[in-house]
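The sequence and the model are shown first, and a description by topic follows.

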Amino acid sequence: DIEREMLLVGATAIEDKLQDCVGETISELMRAGIRVWVLTGDKIETAINIGFSCKLLNENQERLIIEGSNLEEVRNALVKAAQRQEEVRREKREMAMVISGEALIHAMKDSAVASFIVDIGENCKAVVACRVSPKQKQEVVTLVREQRPEMITLAIGDGANDVNMIIAAHVGVGIKGVEGQQAARAADYSFGEFKHLRRLVLLHGRESYRRNTELILYNFYKNMLLVLPQFWFGFINGFSAQVIYDQFVFQFFNVFYASLPIVLFAVLDEEAPPEILLHDVKAYEVGQRDKLFNLTRYWQQLGIGGLQAIGVAFFGFYGMEMNFAYQNGEVTHYWISGLVAFTACVLIANLKIFLFTNSFNVVSVSAILLSVVVYFFTIYIFNLVEELDLKGFFTEMALSPMFYVATLLLIGATTFIDLGFTRWGYFDDKMELAERVSAEHREMKEQRLNKVLIGRTLIKQSLKTYTGFAFAQEEPLTKEQMEFTN
(Lines give C-alpha, C1' and ligand atoms only; values in the text may rest on other atoms or scores of the structure.)
Protein backbone atom coordinates (compact mmCIF):
# COMPACT_ATOMS: atom_id res chain seq x y z
CA ASP A 1 0.00 0.00 0.00
CA ILE A 2 2.89 2.37 0.65
CA GLU A 3 4.72 1.79 -2.67
CA ARG A 4 2.10 3.42 -4.92
CA GLU A 5 2.45 5.97 -7.69
CA MET A 6 6.21 5.74 -7.53
CA LEU A 7 8.67 5.90 -10.43
CA LEU A 8 11.29 3.13 -10.56
CA VAL A 9 14.64 4.81 -10.92
CA GLY A 10 16.92 1.79 -10.53
CA ALA A 11 17.57 -1.49 -8.74
CA THR A 12 20.51 -3.35 -7.23
CA ALA A 13 21.12 -7.09 -7.21
CA ILE A 14 23.73 -9.59 -6.12
CA GLU A 15 25.05 -11.86 -8.87
CA ASP A 16 25.08 -15.50 -7.80
CA LYS A 17 26.39 -17.27 -10.88
CA LEU A 18 28.04 -20.68 -11.14
CA GLN A 19 31.78 -21.07 -11.17
CA ASP A 20 33.65 -22.34 -14.21
CA CYS A 21 33.36 -26.02 -15.15
CA VAL A 22 30.68 -26.80 -12.56
CA GLY A 23 28.52 -28.61 -15.09
CA GLU A 24 31.42 -30.64 -16.48
CA THR A 25 32.56 -31.60 -12.97
CA ILE A 26 29.11 -32.77 -11.88
CA SER A 27 28.66 -34.65 -15.16
CA GLU A 28 31.95 -36.53 -14.67
CA LEU A 29 31.09 -37.40 -11.07
CA MET A 30 27.71 -38.76 -12.14
CA ARG A 31 29.38 -40.73 -14.92
CA ALA A 32 31.55 -42.35 -12.27
CA GLY A 33 28.42 -43.61 -10.50
CA ILE A 34 28.35 -40.99 -7.74
CA ARG A 35 24.90 -39.88 -6.58
CA VAL A 36 24.66 -36.09 -6.48
CA TRP A 37 22.23 -34.37 -4.10
CA VAL A 38 21.89 -30.59 -4.23
CA LEU A 39 20.65 -28.91 -1.04
CA THR A 40 19.85 -25.27 -1.72
CA GLY A 41 17.93 -22.41 -0.17
CA ASP A 42 16.41 -21.33 -3.50
CA LYS A 43 12.80 -21.94 -4.42
CA ILE A 44 11.82 -24.91 -6.60
CA GLU A 45 11.72 -23.05 -9.95
CA THR A 46 15.12 -21.44 -9.36
CA ALA A 47 16.65 -24.71 -8.13
CA ILE A 48 15.43 -26.56 -11.22
CA ASN A 49 16.93 -23.91 -13.51
CA ILE A 50 20.24 -24.17 -11.64
CA GLY A 51 20.05 -27.97 -12.01
CA PHE A 52 19.78 -27.59 -15.78
CA SER A 53 22.60 -25.04 -15.96
CA CYS A 54 25.02 -27.30 -14.03
CA LYS A 55 23.99 -30.40 -16.03
CA LEU A 56 22.49 -32.08 -13.01
CA LEU A 57 19.09 -32.25 -14.70
CA ASN A 58 18.11 -32.72 -18.34
CA GLU A 59 14.96 -32.87 -20.42
CA ASN A 60 15.08 -36.67 -20.75
CA GLN A 61 14.76 -37.21 -17.01
CA GLU A 62 11.49 -37.84 -15.24
CA ARG A 63 11.22 -35.30 -12.43
CA LEU A 64 9.46 -36.45 -9.26
CA ILE A 65 8.20 -33.39 -7.37
CA ILE A 66 7.62 -33.90 -3.63
CA GLU A 67 5.59 -31.16 -1.92
CA GLY A 68 3.16 -31.01 0.99
CA SER A 69 1.94 -28.77 3.78
CA ASN A 70 1.50 -31.62 6.28
CA LEU A 71 2.77 -35.13 6.96
CA GLU A 72 -0.14 -36.88 5.21
CA GLU A 73 0.31 -34.89 1.99
CA VAL A 74 4.03 -35.62 1.98
CA ARG A 75 3.40 -39.33 2.52
CA ASN A 76 0.88 -39.41 -0.35
CA ALA A 77 3.29 -37.54 -2.62
CA LEU A 78 6.03 -40.07 -1.85
CA VAL A 79 3.69 -43.00 -2.56
CA LYS A 80 2.77 -41.51 -5.93
CA ALA A 81 6.43 -40.84 -6.67
CA ALA A 82 7.34 -44.45 -5.85
CA GLN A 83 4.60 -45.75 -8.18
CA ARG A 84 5.74 -43.45 -10.95
CA GLN A 85 9.32 -44.50 -10.30
CA GLU A 86 8.47 -48.14 -11.01
CA GLU A 87 6.84 -47.16 -14.30
CA VAL A 88 9.80 -45.05 -15.37
CA ARG A 89 12.23 -47.81 -14.38
CA ARG A 90 10.46 -50.24 -16.69
CA GLU A 91 10.86 -47.66 -19.44
CA LYS A 92 14.60 -47.56 -18.63
CA ARG A 93 14.66 -43.80 -18.21
CA GLU A 94 16.56 -41.65 -15.75
CA MET A 95 14.82 -39.98 -12.82
CA ALA A 96 15.42 -36.96 -10.63
CA MET A 97 13.66 -36.06 -7.39
CA VAL A 98 12.86 -32.49 -6.37
CA ILE A 99 11.65 -32.00 -2.78
CA SER A 100 10.71 -28.80 -0.98
CA GLY A 101 12.02 -27.71 2.38
CA GLU A 102 8.51 -27.69 3.86
CA ALA A 103 8.03 -31.29 2.83
CA LEU A 104 11.35 -32.17 4.49
CA ILE A 105 10.23 -30.55 7.74
CA HIS A 106 7.18 -32.81 7.94
CA ALA A 107 9.02 -35.90 6.65
CA MET A 108 11.70 -35.68 9.35
CA LYS A 109 9.00 -36.02 12.04
CA ASP A 110 8.33 -39.63 10.95
CA SER A 111 11.31 -42.00 10.58
CA ALA A 112 9.41 -44.24 8.14
CA VAL A 113 8.62 -41.31 5.83
CA ALA A 114 12.19 -40.05 6.07
CA SER A 115 13.48 -43.50 5.16
CA PHE A 116 11.06 -43.50 2.22
CA ILE A 117 12.78 -40.36 0.88
CA VAL A 118 16.17 -42.11 0.95
CA ASP A 119 14.72 -45.17 -0.83
CA ILE A 120 13.33 -43.06 -3.65
CA GLY A 121 16.41 -40.82 -3.85
CA GLU A 122 18.75 -43.81 -4.06
CA ASN A 123 17.14 -44.87 -7.33
CA CYS A 124 17.28 -41.36 -8.82
CA LYS A 125 20.11 -39.98 -10.87
CA ALA A 126 19.95 -36.71 -8.94
CA VAL A 127 18.13 -35.16 -6.01
CA VAL A 128 17.39 -31.47 -5.49
CA ALA A 129 16.15 -30.22 -2.11
CA CYS A 130 14.80 -26.64 -2.20
CA ARG A 131 14.22 -24.00 0.46
CA VAL A 132 16.25 -25.93 3.05
CA SER A 133 17.79 -24.35 6.12
CA PRO A 134 21.33 -25.06 7.38
CA LYS A 135 19.88 -27.40 9.99
CA GLN A 136 17.90 -29.30 7.33
CA LYS A 137 21.05 -29.74 5.25
CA GLN A 138 22.68 -31.41 8.24
CA GLU A 139 19.59 -33.56 8.84
CA VAL A 140 19.57 -34.80 5.24
CA VAL A 141 23.24 -35.83 5.40
CA THR A 142 22.71 -37.51 8.78
CA LEU A 143 19.62 -39.29 7.43
CA VAL A 144 21.58 -40.79 4.52
CA ARG A 145 24.37 -41.90 6.86
CA GLU A 146 21.93 -43.59 9.22
CA GLN A 147 19.81 -45.25 6.55
CA ARG A 148 22.76 -46.31 4.37
CA PRO A 149 25.72 -46.91 6.71
CA GLU A 150 27.65 -48.67 3.94
CA MET A 151 27.72 -45.50 1.82
CA ILE A 152 30.31 -42.74 2.07
CA THR A 153 28.96 -39.19 2.02
CA LEU A 154 30.81 -36.08 0.85
CA ALA A 155 29.43 -32.59 1.48
CA ILE A 156 30.74 -29.51 -0.30
CA GLY A 157 29.79 -25.90 0.34
CA ASP A 158 31.14 -22.36 0.27
CA GLY A 159 29.30 -20.49 3.00
CA ALA A 160 28.63 -20.40 6.72
CA ASN A 161 25.21 -21.98 6.11
CA ASP A 162 26.97 -25.13 4.85
CA VAL A 163 29.15 -25.69 7.91
CA ASN A 164 26.70 -28.03 9.68
CA MET A 165 26.31 -30.12 6.54
CA ILE A 166 30.08 -30.31 6.00
CA ILE A 167 30.67 -31.46 9.57
CA ALA A 168 27.91 -34.10 9.36
CA ALA A 169 29.35 -35.83 6.25
CA HIS A 170 32.13 -38.43 6.20
CA VAL A 171 34.23 -36.08 4.05
CA GLY A 172 33.77 -32.34 4.20
CA VAL A 173 34.97 -30.02 1.43
CA GLY A 174 34.95 -26.24 1.70
CA ILE A 175 35.31 -23.73 -1.11
CA LYS A 176 37.17 -20.52 -0.35
CA GLY A 177 35.16 -17.73 -1.94
CA VAL A 178 33.43 -14.43 -1.56
CA GLU A 179 31.13 -15.85 1.12
CA GLY A 180 33.93 -16.17 3.64
CA GLN A 181 36.24 -18.83 5.04
CA GLN A 182 33.89 -20.56 7.50
CA ALA A 183 33.20 -23.55 5.23
CA ALA A 184 36.89 -23.99 4.38
CA ARG A 185 37.88 -23.90 8.06
CA ALA A 186 35.31 -26.54 9.05
CA ALA A 187 36.16 -28.87 6.15
CA ASP A 188 38.61 -31.73 5.74
CA TYR A 189 39.72 -30.37 2.37
CA SER A 190 39.41 -26.89 0.89
CA PHE A 191 40.18 -25.28 -2.45
CA GLY A 192 39.27 -22.22 -4.47
CA GLU A 193 36.99 -23.58 -7.18
CA PHE A 194 34.38 -26.30 -7.48
CA LYS A 195 36.06 -27.86 -10.53
CA HIS A 196 38.90 -29.16 -8.34
CA LEU A 197 36.44 -31.61 -6.76
CA ARG A 198 36.79 -33.85 -9.81
CA ARG A 199 40.53 -34.25 -9.30
CA LEU A 200 40.11 -34.67 -5.55
CA VAL A 201 37.61 -37.52 -5.90
CA LEU A 202 38.44 -39.32 -9.14
CA LEU A 203 42.23 -39.09 -8.88
CA HIS A 204 43.45 -38.46 -5.32
CA GLY A 205 40.51 -40.21 -3.66
CA ARG A 206 40.83 -43.29 -5.81
CA GLU A 207 44.62 -43.52 -5.55
CA SER A 208 44.62 -42.87 -1.77
CA TYR A 209 42.11 -45.69 -1.32
CA ARG A 210 44.27 -48.07 -3.35
CA ARG A 211 47.59 -47.14 -1.76
CA ASN A 212 46.26 -47.16 1.80
CA THR A 213 44.67 -50.55 1.17
CA GLU A 214 47.99 -52.02 0.06
CA LEU A 215 49.72 -50.37 3.04
CA ILE A 216 47.31 -51.90 5.58
CA LEU A 217 47.26 -55.38 4.03
CA TYR A 218 51.05 -55.39 3.65
CA ASN A 219 51.54 -54.67 7.36
CA PHE A 220 49.35 -57.63 8.28
CA TYR A 221 51.20 -59.81 5.74
CA LYS A 222 54.75 -58.96 6.81
CA ASN A 223 54.01 -59.54 10.49
CA MET A 224 52.51 -62.94 9.68
CA LEU A 225 55.64 -63.72 7.70
CA LEU A 226 57.90 -62.66 10.58
CA VAL A 227 56.08 -64.09 13.62
CA LEU A 228 54.67 -67.44 12.44
CA PRO A 229 58.07 -69.09 11.80
CA GLN A 230 58.66 -68.95 15.55
CA PHE A 231 55.40 -70.87 16.06
CA TRP A 232 56.33 -73.52 13.51
CA PHE A 233 59.79 -73.77 15.04
CA GLY A 234 58.06 -74.99 18.19
CA PHE A 235 57.28 -78.28 16.44
CA ILE A 236 61.01 -78.71 15.83
CA ASN A 237 62.28 -77.82 19.33
CA GLY A 238 59.53 -79.69 21.15
CA PHE A 239 57.89 -76.44 22.32
CA SER A 240 60.80 -75.74 24.64
CA ALA A 241 60.25 -71.96 24.31
CA GLN A 242 63.53 -71.59 22.43
CA VAL A 243 63.26 -68.72 19.94
CA ILE A 244 64.53 -68.93 16.38
CA TYR A 245 65.51 -65.26 16.03
CA ASP A 246 67.98 -63.18 17.95
CA GLN A 247 65.73 -60.80 19.90
CA PHE A 248 67.99 -57.80 19.34
CA VAL A 249 67.69 -58.15 15.56
CA PHE A 250 64.02 -59.08 15.79
CA GLN A 251 63.13 -55.61 17.16
CA PHE A 252 64.69 -53.92 14.14
CA PHE A 253 62.46 -55.59 11.53
CA ASN A 254 59.52 -53.15 11.60
CA VAL A 255 61.74 -50.17 12.35
CA PHE A 256 64.56 -50.35 9.82
CA TYR A 257 64.27 -53.41 7.56
CA ALA A 258 60.68 -53.29 6.27
CA SER A 259 59.24 -49.83 6.96
CA LEU A 260 60.54 -47.15 4.58
CA PRO A 261 59.69 -48.85 1.22
CA ILE A 262 55.99 -49.32 1.99
CA VAL A 263 55.69 -45.74 3.29
CA LEU A 264 57.16 -44.38 0.06
CA PHE A 265 54.89 -46.67 -1.92
CA ALA A 266 51.84 -45.23 -0.14
CA VAL A 267 53.01 -41.72 -1.05
CA LEU A 268 54.49 -42.01 -4.55
CA ASP A 269 52.95 -44.98 -6.37
CA GLU A 270 50.72 -44.29 -9.39
CA GLU A 271 48.74 -47.01 -11.09
CA ALA A 272 48.14 -44.92 -14.21
CA PRO A 273 48.87 -41.38 -15.42
CA PRO A 274 46.58 -38.75 -13.82
CA GLU A 275 44.99 -37.71 -17.11
CA ILE A 276 43.99 -41.31 -17.78
CA LEU A 277 42.36 -41.82 -14.37
CA LEU A 278 40.48 -38.52 -14.71
CA HIS A 279 39.13 -39.51 -18.11
CA ASP A 280 38.52 -43.22 -17.43
CA VAL A 281 35.80 -43.03 -14.77
CA LYS A 282 35.45 -46.83 -14.83
CA ALA A 283 38.69 -47.01 -12.84
CA TYR A 284 36.83 -45.44 -9.91
CA GLU A 285 34.77 -48.62 -9.48
CA VAL A 286 37.51 -50.31 -7.45
CA GLY A 287 36.48 -48.30 -4.42
CA GLN A 288 32.74 -48.31 -5.01
CA ARG A 289 32.62 -52.09 -5.27
CA ASP A 290 35.18 -52.75 -2.52
CA LYS A 291 37.45 -54.65 -4.86
CA LEU A 292 40.58 -53.93 -2.81
CA PHE A 293 39.74 -53.43 0.85
CA ASN A 294 37.60 -56.43 1.71
CA LEU A 295 37.69 -59.57 3.85
CA THR A 296 38.65 -61.76 0.89
CA ARG A 297 41.87 -59.89 0.26
CA TYR A 298 42.54 -59.63 3.99
CA TRP A 299 42.40 -63.40 4.50
CA GLN A 300 44.29 -63.86 1.24
CA GLN A 301 47.24 -61.83 2.50
CA LEU A 302 47.18 -63.64 5.84
CA GLY A 303 47.14 -66.95 3.98
CA ILE A 304 50.10 -65.93 1.81
CA GLY A 305 52.06 -64.84 4.87
CA GLY A 306 51.18 -68.06 6.70
CA LEU A 307 52.26 -70.34 3.84
CA GLN A 308 55.49 -68.45 3.32
CA ALA A 309 56.17 -68.63 7.06
CA ILE A 310 55.99 -72.43 6.90
CA GLY A 311 58.61 -72.41 4.15
CA VAL A 312 60.83 -69.99 6.05
CA ALA A 313 60.72 -72.03 9.28
CA PHE A 314 61.23 -75.56 7.94
CA PHE A 315 63.35 -74.74 4.93
CA GLY A 316 65.67 -72.57 7.00
CA PHE A 317 66.13 -75.28 9.65
CA TYR A 318 66.33 -78.40 7.51
CA GLY A 319 68.20 -76.64 4.71
CA MET A 320 71.03 -75.58 6.99
CA GLU A 321 71.28 -77.40 10.31
CA MET A 322 70.04 -80.83 9.20
CA ASN A 323 71.60 -81.04 5.72
CA PHE A 324 74.89 -79.25 5.95
CA ALA A 325 78.12 -80.12 7.80
CA TYR A 326 81.58 -78.65 7.88
CA GLN A 327 84.76 -80.47 6.94
CA ASN A 328 85.35 -81.37 10.61
CA GLY A 329 81.96 -83.13 10.74
CA GLU A 330 80.17 -80.52 12.82
CA VAL A 331 76.71 -79.32 11.78
CA THR A 332 75.77 -75.64 11.72
CA HIS A 333 74.50 -73.91 14.84
CA TYR A 334 70.76 -73.33 15.12
CA TRP A 335 71.45 -69.58 15.37
CA ILE A 336 72.59 -69.79 11.76
CA SER A 337 69.31 -71.49 10.82
CA GLY A 338 67.47 -68.65 12.54
CA LEU A 339 69.65 -66.08 10.79
CA VAL A 340 68.88 -67.68 7.42
CA ALA A 341 65.16 -67.61 8.22
CA PHE A 342 65.31 -63.97 9.31
CA THR A 343 67.32 -63.01 6.23
CA ALA A 344 64.68 -64.68 4.06
CA CYS A 345 61.93 -62.72 5.84
CA VAL A 346 63.70 -59.42 5.15
CA LEU A 347 64.31 -60.23 1.49
CA ILE A 348 60.81 -61.61 0.86
CA ALA A 349 59.11 -58.68 2.60
CA ASN A 350 60.99 -56.17 0.46
CA LEU A 351 60.62 -58.21 -2.70
CA LYS A 352 56.84 -58.27 -2.26
CA ILE A 353 56.73 -54.48 -2.63
CA PHE A 354 58.26 -54.95 -6.08
CA LEU A 355 55.37 -57.26 -6.97
CA PHE A 356 52.56 -54.76 -6.38
CA THR A 357 54.39 -51.51 -7.22
CA ASN A 358 53.09 -49.90 -10.43
CA SER A 359 55.44 -46.95 -10.94
CA PHE A 360 59.11 -47.43 -10.17
CA ASN A 361 61.32 -44.42 -9.55
CA VAL A 362 64.73 -43.75 -8.12
CA VAL A 363 63.38 -43.00 -4.64
CA SER A 364 61.22 -46.13 -4.25
CA VAL A 365 63.80 -48.53 -5.70
CA SER A 366 66.58 -46.96 -3.62
CA ALA A 367 64.49 -47.34 -0.46
CA ILE A 368 64.08 -51.08 -1.04
CA LEU A 369 67.77 -51.58 -1.76
CA LEU A 370 68.69 -49.40 1.20
CA SER A 371 66.58 -51.52 3.57
CA VAL A 372 68.39 -54.66 2.45
CA VAL A 373 71.80 -53.00 2.70
CA VAL A 374 71.00 -51.67 6.18
CA TYR A 375 70.02 -55.18 7.26
CA PHE A 376 73.27 -56.80 6.16
CA PHE A 377 75.29 -53.90 7.57
CA THR A 378 73.69 -54.19 11.01
CA ILE A 379 74.08 -57.97 10.99
CA TYR A 380 77.75 -57.55 10.20
CA ILE A 381 78.14 -55.07 13.09
CA PHE A 382 76.36 -57.45 15.50
CA ASN A 383 78.68 -60.17 14.27
CA LEU A 384 81.62 -58.23 15.74
CA VAL A 385 80.14 -57.53 19.19
CA GLU A 386 81.33 -59.98 21.83
CA GLU A 387 78.32 -59.54 24.14
CA LEU A 388 75.75 -60.57 21.50
CA ASP A 389 74.65 -64.12 20.67
CA LEU A 390 75.32 -63.52 16.97
CA LYS A 391 79.05 -63.09 17.51
CA GLY A 392 80.83 -64.73 14.57
CA PHE A 393 77.72 -66.35 13.07
CA PHE A 394 77.30 -63.91 10.18
CA THR A 395 80.82 -64.62 8.94
CA GLU A 396 80.18 -68.35 9.24
CA MET A 397 76.88 -68.01 7.36
CA ALA A 398 78.36 -65.83 4.61
CA LEU A 399 81.12 -68.39 3.95
CA SER A 400 78.60 -71.22 3.63
CA PRO A 401 77.53 -71.97 0.02
CA MET A 402 74.42 -73.67 1.37
CA PHE A 403 73.22 -70.29 2.67
CA TYR A 404 73.01 -68.84 -0.83
CA VAL A 405 71.38 -71.95 -2.26
CA ALA A 406 68.82 -72.15 0.53
CA THR A 407 68.00 -68.42 0.34
CA LEU A 408 67.51 -68.43 -3.44
CA LEU A 409 65.33 -71.55 -3.36
CA LEU A 410 63.29 -70.18 -0.47
CA ILE A 411 62.70 -66.81 -2.13
CA GLY A 412 61.77 -68.49 -5.42
CA ALA A 413 59.28 -70.86 -3.76
CA THR A 414 57.59 -68.16 -1.68
CA THR A 415 57.38 -65.76 -4.64
CA PHE A 416 55.53 -68.43 -6.63
CA ILE A 417 52.98 -68.64 -3.81
CA ASP A 418 52.49 -64.87 -3.92
CA LEU A 419 52.14 -64.75 -7.68
CA GLY A 420 49.72 -67.67 -7.65
CA PHE A 421 47.37 -65.89 -5.24
CA THR A 422 47.53 -62.49 -6.93
CA ARG A 423 46.85 -64.00 -10.38
CA TRP A 424 43.14 -63.89 -9.62
CA GLY A 425 40.96 -61.07 -8.37
CA TYR A 426 42.37 -57.60 -8.70
CA PHE A 427 45.06 -58.76 -11.14
CA ASP A 428 42.43 -59.07 -13.89
CA ASP A 429 41.20 -55.54 -13.15
CA LYS A 430 44.75 -54.24 -13.38
CA MET A 431 45.21 -55.92 -16.75
CA GLU A 432 41.93 -54.41 -17.97
CA LEU A 433 43.03 -50.98 -16.75
CA ALA A 434 46.41 -51.42 -18.47
CA GLU A 435 44.63 -52.20 -21.76
CA ARG A 436 42.44 -49.11 -21.40
CA VAL A 437 45.50 -46.99 -20.57
CA SER A 438 47.23 -48.27 -23.70
CA ALA A 439 44.17 -47.47 -25.79
CA GLU A 440 43.92 -43.99 -24.24
CA HIS A 441 47.60 -43.34 -25.01
CA ARG A 442 47.05 -44.34 -28.66
CA GLU A 443 44.00 -42.09 -28.89
CA MET A 444 45.83 -39.13 -27.33
CA LYS A 445 48.78 -39.68 -29.68
CA GLU A 446 46.44 -39.71 -32.71
CA GLN A 447 44.77 -36.51 -31.48
CA ARG A 448 48.12 -34.76 -31.12
CA LEU A 449 49.12 -35.95 -34.60
CA ASN A 450 45.87 -34.66 -36.08
CA LYS A 451 46.39 -31.29 -34.40
CA VAL A 452 49.89 -31.08 -35.92
CA LEU A 453 48.57 -31.96 -39.39
CA ILE A 454 45.74 -29.45 -39.12
CA GLY A 455 48.20 -26.79 -37.95
CA ARG A 456 50.49 -27.44 -40.90
CA THR A 457 47.55 -27.21 -43.30
CA LEU A 458 46.47 -23.86 -41.84
CA ILE A 459 50.03 -22.54 -42.08
CA LYS A 460 50.27 -23.55 -45.73
CA GLN A 461 46.93 -21.91 -46.50
CA SER A 462 47.91 -18.71 -44.69
CA LEU A 463 51.18 -18.52 -46.66
CA LYS A 464 49.40 -18.59 -50.01
CA THR A 465 49.21 -15.12 -51.59
CA TYR A 466 46.64 -13.97 -54.16
CA THR A 467 46.70 -10.99 -56.58
CA GLY A 468 43.10 -9.95 -55.89
CA PHE A 469 41.85 -10.44 -59.48
CA ALA A 470 39.01 -12.85 -60.24
CA PHE A 471 40.97 -15.39 -62.30
CA ALA A 472 44.50 -14.75 -61.13
CA GLN A 473 46.86 -17.69 -60.60
CA GLU A 474 48.42 -18.45 -57.23
CA GLU A 475 51.92 -17.15 -56.76
CA PRO A 476 54.46 -19.89 -56.05
CA LEU A 477 55.89 -20.16 -52.53
CA THR A 478 59.31 -18.74 -51.90
CA LYS A 479 62.22 -20.97 -50.87
CA GLU A 480 61.97 -19.81 -47.24
CA GLN A 481 58.21 -20.54 -47.13
CA MET A 482 58.71 -24.04 -48.56
CA GLU A 483 61.37 -24.83 -45.94
CA PHE A 484 59.10 -23.56 -43.12
CA THR A 485 56.07 -25.65 -44.19
CA ASN A 486 58.17 -28.77 -44.64
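What is the order of the strands in the open sheet of 3 strands? The order is E5-E6-E7, and the pairing is parallel.

## Basis of the description

The model is predicted: local features need pLDDT of at least 70, side-chain atom pairs count only at pLDDT 80 or more, and totals for chains, interfaces and linings use all residues. Residues are numbered from 1 along each chain as its sequence is written, and side-chain values use heavy atoms, with hydrogens and water left out.

Helices (H or I, at least four residues) and strands (E, at least two) are DSSP runs numbered from the N terminus. Two strands are said to pair if DSSP finds at least two bridges between them.

Strands of a sheet pair through backbone hydrogen bonds, either parallel or antiparallel.

Strand E6 (residues 171-175) pairs with E7 in the parallel sense over 3 bridges. Ile-175 has Phe-191 in E7 as its bridge partner. Helix H9 (residues 196-236) packs on this sheet and touches E5, E6 and E7, where contact means heavy atoms within 4.5 Å. The direction of H9 makes about 145° with that of E7.

Strand E3 (residues 95-100) is mostly covered, with 6 of its 6 residues buried. Here, buried means under 20% relative accessible area, exposed means over 50%, and partly exposed lies in between (1.4 Å probe, protein chains only). In a regular strand the side chains alternate between the two faces of the sheet. In E3, Met-95, Met-97 and Ile-99 point one way, while Ala-96, Val-98 and Ser-100 point the other way.

E3 runs parallel to strand E2 (residues 62-66), to which 5 bridges join it, and Glu-62 has Met-95 as its bridge partner. Another 5 bridges join E3 to strand E4 (residues 126-130), again in parallel, and Met-97 stands opposite Val-127 in E4. E2, helix H3 (residues 71-90) and E3 make a right-handed β-α-β unit; the term right-handed applies if, with the strands pointing away from the viewer, the path from the first strand over the helix to the second runs clockwise.

Gln-61 lies in the loop between helix H2 (44-53) and E2. It counts as buried because its relative accessibility is 4%. Not counting residues up to four places away in sequence, Gln-61 touches Leu-56, Arg-93, Glu-94, Ala-96 and Lys-125.

Glu-62 forms a salt bridge with Arg-93, with the closest N and O atoms 3.2 Å apart. The pair links distant parts of the chain, 31 residues apart: Glu-62 is in strand E2, and Arg-93 is in the loop between H3 and E3. Glu-62 counts as buried at 18% relative accessibility, whereas Arg-93 counts as partly exposed at 32%.

The structure holds 22 salt bridges, each being a side-chain nitrogen of Lys or Arg within 4 Å of a carboxyl oxygen of Asp or Glu. Arg-206, Glu-207, Arg-210, Arg-211, Asp-269 and Glu-271 are linked in a network of them.

Glu-207 is buried, with a relative accessible area of 4%, and Arg-211 counts as buried at 12% relative accessibility. Asp-269 forms a salt bridge with Arg-210, the closest N and O atoms being 2.9 Å apart. That pair links distant parts of the chain, 59 residues apart: Asp-269 is in the loop between helix H12 (260-268) and helix H13 (274-279), and Arg-210 is in H9. Both Asp-269 and Arg-210 are buried.

## Nonpolar cores

A nonpolar core is a set of buried Ala, Val, Leu, Ile, Met, Phe, Trp, Tyr and Cys residues joined through side-chain atoms within 4.5 Å. The largest has 43 residues, and Phe-253 and Phe-342 have the most contacts inside it. Helix H16 (residues 334-356) supplies the largest share of this core, 14 residues. A second, separate core of 32 residues includes Leu-29, Met-30, Ala-272 and Ala-283.

Notes:
Axes are lines fitted to C-alpha atoms, for helices over the stretch in contact, and angles run from 0 to 180 degrees between N-to-C directions.
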